[in-house]
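Here are a few exercises on how parts of a protein touch each other. Have a look at the structure, try each task, then check the worked solution.

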Amino acid sequence: MTAGISVIGLTKTYGDHTVLDDLHLTFAAGKIHGLLGANGTGKTTLMSLMSRHTFPTRGSVLLDDREFGEDPRQAQRLCFVRENQLYNDAFKVRDVLRIAPDFYPKWDAATTTRLVDRFRLPPATVVKKLSRGQRSALAIVLALGSRADFTFLDEPYLGLDPGARETFYEELIRSYGAQPRTIIMSTHLVDEAAPLLEEVVVLNQGRVALQAPLEEAEALALTLSGPTTSLDRWLQEHPDHPSLTRRTLGPTATVTTLGPLSDAESASASQAQLRVTSTSLQGLVAALGNSNHEVA
Amino acid sequence: MTHALRPLKLYLANRYYVLGVPLFIYAVVVVLSIAVVAIIGSMTGFPLSEEIREGTRNNAGVLFSAPGFLVSVGVFAATRNFALALALGATRRSFWAGTTLGFALTSLMTATAASVGLGLERLTGHWFIGAHVFDVHVFGDGDLAVLFVGVFVMAIACLAAGALFGTLFRAYGTVRTVLWGAAMGVVALGLLTLAAVNDERVLAWQDAWGEWLSVSVIAAVAAAFLAGSYAAVRRATI
């Protein structure tokens with residue numbers, strides 16, 4: 001198995017605005033990675049930089065420990081069809097589906113045919129006249145059909161109804177099962193997509209807030225609720241569990257914090273009349289997005 | 001080379017658009033030219049007087065009808081096709097090489113259409129009524145080589161200009177594209193001024209080279225646009 005994608009000191013600025021700030025990350029090969037975070041945290045920019053659609057201000061990206069520059073053999077290992085992908089105005093769906101296989105040596109015609117059928121994509125329709133959901137479906141067809149070693153999916157479900165999203169998840173697993181490869185998917189439907197993910201990266205304000213295997217990330221997210229004074233005292237005594245978000249309702253408060261708790265910590269929380277519950281990955285992503293805490 | 005063929009196929013995905021439309025444009029130019037001459041002839045009588053025939057030899061329809069369309073093909077190739085080519089794992093260099101090959105094919109088709117048109121024009125005694133469309137002064141008065149090469153370089157210059165400005169727009173945005181355009185305009189004006197100042201030498205070249213002088217200048221412009229588009233595409237982003 002190959003090494004994957006290494007991001008080394010990656011910084012991207014537009015004028016005075018820093019979108020990504022000195023990122024160091026590794027996307028291990030052969031896994032499905034979730035790239036999570038609020039809008040504007042740099043997810044799409046990171047994917048653009050990794051696929052050389054744009055250039056970094058500083059830093060570099062390695063594919064299997066090599067800078068790929070203008071090497072066409074390396075470039076054809078990538079597929080990144082954007083959620084707002086531009087197509088030639090004259091292209092029909094069938095034109096795009098006719099051309100795409102030429103770009104990928106491992107093109108999966110059977111999956112393509114099945115997906116076009118399942119998404120009910122109209123081959124004779126001009127791409128620019130497709131609905132939002134149909135454009136997403138076309139991007140999914142290209143991404144899964146490519147069987148590219150490094151496939152990027154940027155919010156691939158936009159405009160898809162729940163049934164079509166289910167189809168996408170099912171086909172993603174099927175395609176990945178047939179040929180494991182590195183898939184990096186950004187999504188806001190975190191809990192819906194979580195069962196597919198093996199690793200998660202959470203970005204916040206252009207920095208890595210968390211990178212962990214899914215199970216570890218899910219174990220991190222906890223909520224503590226109880227009397228405000230008890231809760232505040234407990235948090236003061238346990239600085240390893242910072243308050244990421246806080247809701248106060250009368251004399252009681254709820255905070256999202258980072259777990260897991262040791263047996264002693266659980267016991268002290270119980271003594272303080274605090275209720276400890278696990279929260280979803282979505283809750284953790286939202287909490288990290290609302291704080292400046294970095295777990296990585 | 002294999003890698004350049006993929007962007008070439010992308011360019012040729014809609015063959016009617018990139019290869020058929022120039023033919024259609026020239027067909028329309030022929031029909032309109034015949035119609036104009038027919039109207040004039042119906043008023044002055046057939047056969048046309050030598051004065052009117054001389055006037056039709058100044059018909060510049062072939063020169064001015066296709067550039068707008070060709071520039072737009074270049075712009076779309078440099079923007080929309082570029083975005084899809086990169087999405088599908090092409091490099092900037094192979095995209096440029098494949099698209100330039102596509103431009104050469106479109107130009108070849110356009111030049112061939114003009115040459116076939118010239119053949120038909122001669123065969124039919126200038127479309128039966130003395131209308132000149134391809135056998136015109138600006139393309140060497142029926143010189144097949146001048147017409148073929150002239151239309152070819154004109155077409156590739158327009159396609160390359162579209163690609164250059166499309167790529168500049170993608171790489172540098174609106175303001176800097178306008179500035180680049182203005183800078184190129186200044187350079188062009190400078191060269192024209194230089195030619196005007198040295199008019200005797202230019203006229204001597206004109207006498208020696210005939211229409212080939214203009215063809216060579218357009219070829220040089222096309223080469224400059226292609227080189228510029230290559231430099232720009234290396235920095236273009238999505």
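Let's start with one pair: Asp102(A) forms a salt bridge with Lys9(B), with the closest N and O atoms 3.5 Å apart. A salt bridge here is a side-chain nitrogen of Lys or Arg within 4 Å of a carboxyl oxygen of Asp or Glu.

A quick word on the model: it is predicted, so local features need pLDDT of at least 70 and side-chain atom pairs count only at pLDDT 80 or more, while totals for chains, interfaces and linings use all residues. Residues are numbered from 1 along each chain as its sequence is written, chains are lettered from A in the order in which they are written, and side-chain values use heavy atoms, leaving out hydrogens and water.

**Exercise 1.** Describe the interface of chain B and chain A.

Step 1: count the residues. Chain B brings 29 residues to the contact and chain A brings 29, contact meaning heavy atoms within 4.5 Å.

Step 2: get the area. The two chains bury about 2800 Å² between them, with 59% of it on carbon and sulfur atoms; buried area is the accessible area (1.4 Å probe) that two parts lose on being put together, summed over both. Arg6(B), Arg80(B) and Leu88(B) supply 24% of what chain B buries against chain A, more than any other three residues.

Step 3: tally the salt bridges. The rule finds two across this interface.

**Exercise 2.** Work out which elements and residue classes make up the side of chain B that touches chain A.

Step 1: list the elements. Those giving two or more residues are α1 (2-11), α2 (15-44), α5 (67-87) and α6 (92-123) of chain B; helices are DSSP runs (H or I, at least four residues), numbered from the N terminus.

Step 2: find the top contributor. That's α5(B), with eight residues.

Step 3: sort by class. This side of chain B has 14 nonpolar, six polar and nine charged residues. Ala, Val, Leu, Ile, Met, Phe, Trp, Tyr, Cys and Pro count as nonpolar, Asp, Glu, Lys and Arg as charged, and the others, Gly among them, as polar.
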